[in-house]
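This report describes the fold of one protein and then turns to a single helix and its surroundings. Please keep the structure in view while reading.

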Amino acid sequence: MNSKNIFAKIRNNWGRLLFYAAILLFIFSPGAKAWLLQRVISTGFFKADIKKEAEKSLRPAPAFSFIDSEGKIVTSAAVQGKVVLINFWASWCPPCRAEMPSLNNLYLALKDDSRFVFLFVNEDEDTNKGLNFIKKNNLAIPFYQQNTVSDELFGGTLPTTIVLNKEGEIVLKHEGMADYDNQQFIDQLKSLQ
């Protein structure tokens, strides 16, 4: 086959080639998957929601502890009496990357309110990958790693977000991505006070 025939085939099939190239990009690039998932989140179908009917079956969260980037340990006893949002994430996880901007915005909106504690728990095997992801994306979220966590709190699904009320009870456990940067969710968090 000569070069004229090759260019003619490409010209005749450019749409199909572009389609396959896009599919390959979304399969092999976590950044491209995250971008696409962010568009999906922005539709509003994936809003986080603390349901009032869940209050009837609240259960206390099991004890936990996390280590921050400076080696300081934060325990469940230390955050008792506050509303706690725990998010388990990894830099390689496209749904985690997709929801991170909304979580960062939520954190920025409430970080100065002493009634709330935010624990963003990185699950990368290499700590530097998580720290580099935060820095590269200009995120303000605090960085934590697991110290002791029961399977009831985190079973391995990424992302997982948990909200504890001030009594230390689980009012939300959401496995999968969601939009946390909306007034409805902020109002729900504030109502837990």
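The model discussed here is predicted. The buried positions in helix 5 are Gly130, Phe133 and Ile134. They lie on the same side of helix 5 because they cover an arc of only 95° around its axis. On the face turned away from this buried side, helix 5 carries the exposed residues Lys135 and Lys136.

## The ends of helix 5

At its N-terminal end, helix 5 is capped by Asp126, with a side-chain oxygen 3.0 Å from the backbone nitrogen of Asn128. Just after helix 5, Asn138 adopts a positive phi of about 55°.

## The nonpolar core

The largest nonpolar core contains 49 residues, and Ile86, Val163, Phe185 and Leu189 have the most contacts inside it. Elements that each supply at least two residues of this core include helix 5 (127–136), strand 4 (83–89), strand 7 (160–164) and helix 6 (183–191). Leaving aside residues up to four places away in sequence, Leu189 touches Ile50, Val83, Leu106, Leu110, Phe116 and Val163.

## The protein as a whole

The protein has 6 helices and 8 strands. Along the sequence, they follow the pattern α-α-α-β-β-β-β-α-β-α-β-β-β-α. Of the 193 residues, 39% are buried.

Among contacts between residues at least 6 apart in sequence, 71% join residues at least 24 apart. The protein exposes about 10900 Å², of which carbon and sulfur atoms supply 54%.

Conventions: Residues are numbered from 1 along each chain as its sequence is written. This is a predicted model: local features need pLDDT of at least 70, side-chain atom pairs count only at pLDDT 80 or more; totals for chains, interfaces and linings use all residues. Side-chain values use heavy atoms; hydrogens and water are left out. A nonpolar core is a set of buried Ala, Val, Leu, Ile, Met, Phe, Trp, Tyr and Cys residues joined through side-chain atoms within 4.5 Å. Buried means under 20% relative accessible area, exposed over 50%, partly exposed in between (1.4 Å probe, protein chains only). Helices (H or I, at least four residues) and strands (E, at least two) are DSSP runs, numbered from the N terminus. Contact means heavy atoms within 4.5 Å. Accessible areas come from the Shrake-Rupley method with a 1.4 Å probe; for residues, only the protein chains shown count as cover. The arc is that of the directions from the helix axis to the C-beta atoms. A polar contact is a pair of N or O atoms within 3.5 Å; within protein, one must be able to donate a hydrogen and the other to accept it, and residues adjacent in sequence count only if both atoms are side-chain atoms.
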